[in-house]
Each structure stands twice: as structure tokens, then as C-alpha cells.
Amino acid sequence: MKLPGPDHPITITQNPRRVRVTAGDIVIAESTKALTLKEAKYPAVQYLPREDANMALLERTERTTHCPYKGDASYFSIKADGKTLDNAIWTYETPFPAMTEISGHLAFYPDKVKIEEVG
């Protein structure tokens, strides 16, 4: 486990805007409680609470990855509109202590879904 610091900063802030995630014309998640995670030089990532996602469209996969700063990530595929978007979502269900804010939140790959701030 590594801690964020000057050499690898990570900040988590409340996004003041409504964030909507769609696959085609289908809304997968929409929230006014999204968190914006900025990590080092990576693009910012929106983490939306699970309760603001249509979990009926999501299917857990076997994929897992490890981040030395955040912990172990689990993945979901999206099944919507007759299509499956494999491993389109990741989540840290038990993140490391410094990242507990993102527990219970979902992040989406922007090359698989549309993520927009709408309000």
C-alpha cells in the first residue's frame, strides 16, 4: 500500500454538477453526488454512488486489478440495448484507508460510455 503524496497526489472532491453516464440512449447512472478523483497526471475520473446507478443493467465480471494507492478493483459489464460492454465499470469495494470516500462508488471507462456533466 502506498500513500498519496507530493510525488503522486490524489484528491477527491464533490462534483457540484449532475453527472450522467449513458450507453447509447440508455442512462446507466445519474447523480448529483458524484466524486471527482484527480490522480497525479491522469485525467480526472467521476465516481458515482451505486445507489444512483441502474444496477439491473450491470453484471459483475471475474476481472480484478490492483492499484498500490487505492487497492483492489472489481469490474462490471453493462448489458443494455442488446449489447454488452465488457468490463466498462470498475469499483473499489474495500479501498485502502486513504481512499475510503470512493467505497460504494462506480467509475466508468470513457471509451465505452458517454460521461457528461449536465447541470
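Which residue forms a salt bridge with R60, and how far apart are the closest N and O atoms? In this predicted model, the partner is E93, with the closest N and O atoms 2.6 Å apart. E93 lies in the loop between β8 and β9 and R60 in strand β6, so the pair ties together parts that are 33 residues apart in sequence. R60 is partly exposed, at 43% relative accessibility.

E93 also meets R50 in a salt bridge, at 2.6 Å from N to O. That pair links distant parts of the chain, since R50 sits in the loop between β5 (45-49) and β6 (58-67), 43 residues from E93. E93 has a relative accessible area of 30% and R50 one of 22%; because buried means under 20%, neither residue counts as buried.

The salt bridges number eight in total. One of them pairs E117 with R17, where the closest N and O atoms are 3.6 Å apart. E117 belongs to strand β10 (residues 114-117), while R17 is in the loop between β1 (10-14) and β2 (19-23), 100 residues away. Both ends are partly exposed, E117 at 39% and R17 at 36%.

E39, in strand β4 (residues 35-39), is buried, with 9% relative accessibility. Its side chain makes polar contacts with the side chains of H8 at 2.7 Å and K70 at 2.5 Å. Among the other residues that E39 touches are P9, I10, C67 and Y69.

As for annotation, an unreviewed UniProt entry assigns "domain: DUF427" to residues 19-111. Over that range the chain is 58% strand and 0% helix, and its end C-alpha atoms are 16 Å apart.

Methods:
Residues are numbered from 1 along each chain as its sequence is written. This is a predicted model: local features need pLDDT of at least 70, side-chain atom pairs count only at pLDDT 80 or more; totals for chains, interfaces and linings use all residues. Side-chain values use heavy atoms; hydrogens and water are left out. UniProt positions are given in the numbering used here, feature names are shortened, and annotations may be inferred rather than shown by experiment. Helices (H or I, at least four residues) and strands (E, at least two) are DSSP runs, numbered from the N terminus. Buried means under 20% relative accessible area, exposed over 50%, partly exposed in between (1.4 Å probe, protein chains only). A polar contact is a pair of N or O atoms within 3.5 Å; within protein, one must be able to donate a hydrogen and the other to accept it, and residues adjacent in sequence count only if both atoms are side-chain atoms. Contact means heavy atoms within 4.5 Å. A salt bridge is a side-chain nitrogen of Lys or Arg within 4 Å of a carboxyl oxygen of Asp or Glu. Lists of a residue's contacts leave out its neighbours within four places in sequence.
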